[in-house]
Amino acid sequence: MLPEEVAKFIGKTGDITVMEVEKGAIRRYADAVGDFNPLYWDEEYAAKSRYGSIIAPPGFFGWPTRWSQWGPTYTNLREELMAALARAGYRRALDGGIDYEFFSPVRAGDILAASPKIIDIYQRETKTGTLIFTVTETTYTSQNGELVAKARQTLIYR
Amino acid sequence: MAKQLYWENVEVGSEIPPLTKVATTRMLVKWAGAIGDFNPLHYDDGFAASQGVGKPIVHGQLKRAWLVQLLTDWIGEQGTLKKFSCQFRKVDYPQAMKTIIEPRDGEPWWCKGTVTKKYIKGEEHWIECEIWVENGKGEKTTPGSAAIILPSRGKDFY
């Protein structure tokens, strides 16, 4: 049985984060990965491509216009859930994986609204103890109101 | 960049051209800055040890970004990544640096994949793939899957 104070987070939504997709941020991301695809780097090349401009690699959504103390990958909702898990004795977290649906390309200059929701929390018994899995779905919408992508991230707490 | 891939040029069982990567301590610093993940799990020896992973580990999401590149390099500008999923099953440790830019000697990681399905949905030509990151010991640390729409040469091709 999931601890009650953790289970109550299922279905909760967090604040919307506004993300700006900047060319420099795209380059730093692509550089870190070691990806020199000209669609991410070369404006002239990208302008002639089917995208018409520099695009972000799939899975990069830009930077928030306002940071939490944690940075772009955390929201108030995740902080609250982590605190509840810590109180229940689950203090160590590992990234379990991610699952994306891509609906449209993300271009330099786009402004995205990232809206998170905890869609599932479950536990598994293992040889080394109980693990709690949380699944957060973030929906990304562009300044045109278009659905751009959905990401479901699983975190593993122990 | 490789020439454009067409739906007619792949079969179930086709192998994706492998992509080699080396996760170095330097790359992890670049990644942390680029994505905004400042979790000390990835740079602080004492903290990593306290989390039960031994020493600082490679960010799962960096491995995810490698796998996205494996696919985008292969499908070319006209291909569209629609779905992507991966799980972080085993931790990976970064290679230490020998000089400011070169890592110490060690086995690289390999990103690989194969085509598992091929079908048409309306006007769209889809493939599905199984993908993974293999470490220097040949262990699949990061398995995953993807769904892609490829351009077709059209009915006139045959």
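What share of the contacts in chain A with a separation of 6 or more is accounted for by residues 24 or more positions apart? In this predicted model, in which local features need pLDDT of at least 70, side-chain atom pairs count only at pLDDT 80 or more, and totals for chains, interfaces and linings use all residues, such residues account for 69% of those contacts, two residues being in contact if their C-beta atoms, placed from the backbone, lie within 7 Å. Residues are numbered from 1 along each chain as its sequence is written, while chains are lettered from A and ligands numbered from 1 in the order in which they are written.

Chain A comprises five helices and six strands, taken as DSSP runs numbered from the N terminus (helices: H or I, at least four residues; strands: E, at least two). Along the sequence these elements follow the pattern α-β-α-α-α-β-α-β-β-β-β. The C-alpha trace of chain A spans about 55 × 30 × 25 Å along its principal axes. Of its 158 residues, 32% count as buried; a residue is buried if 20 or more other C-beta atoms lie within 10 Å of its own, exposed if 12 or fewer, and partly exposed in between, with C-beta atoms placed from the backbone.

Strand β1 of chain A (residues 17–20) presents A:T17 and A:M19 on a covered face and A:V18 and A:E20 on an uncovered one. In a regular strand the side chains alternate between the two faces of the sheet. Strands are paired if DSSP finds at least two bridges between them. β1(A) runs antiparallel to strand β4 of chain A (residues 111–126), to which four bridges join it, and A:M19 stands opposite A:L112 of β4(A). Two bridges also join β1(A) to strand β2 of chain A (residues 63–64), again in antiparallel orientation; here A:E20 is set opposite A:W63.

Pairing also extends across the two chains. Strand β3 of chain A (residues 93–102) and β2(B) run antiparallel and are joined by five bridges, with A:I98 opposite B:C86. In the interface, 27 residues of chain A are in contact with 30 residues of chain B. On the side of chain B that touches chain A, α1 (25–35), α3 (60–75) and β2 (80–87) of chain B each supply at least two residues. The most come from α3(B), which gives eight residues. By class, this side of chain B has twelve nonpolar, eleven polar and seven charged residues, where Ala, Val, Leu, Ile, Met, Phe, Trp, Tyr, Cys and Pro count as nonpolar, Asp, Glu, Lys and Arg as charged, and the others, Gly among them, as polar.

A nonpolar core is a set of buried Ala, Val, Leu, Ile, Met, Phe, Trp, Tyr and Cys residues joined through C-beta atoms within 7 Å. The largest has 63 residues, and A:I26, A:Y29, B:W66, B:L67, B:L70 and B:L71 have the most contacts inside it. Its largest share, nine residues, comes from α3(B). Apart from this core lies another, of seven residues, including A:L81, A:Y90, A:I132 and A:Y157. Not counting residues up to four places away in sequence, B:L70 touches B:I16, B:L19, B:C111, B:G113 and B:I131.

In chain B, the loop between β1 (15–21) and α1 contains B:T24. B:T24 counts as buried because 20 other C-beta atoms lie within 10 Å. With residues up to four places away in sequence excluded, B:T24 touches B:P94, B:Q95, B:M97 and B:P103. B:T24 and B:T80, 56 residues apart in sequence, are 30 Å apart in space, C-alpha to C-alpha.
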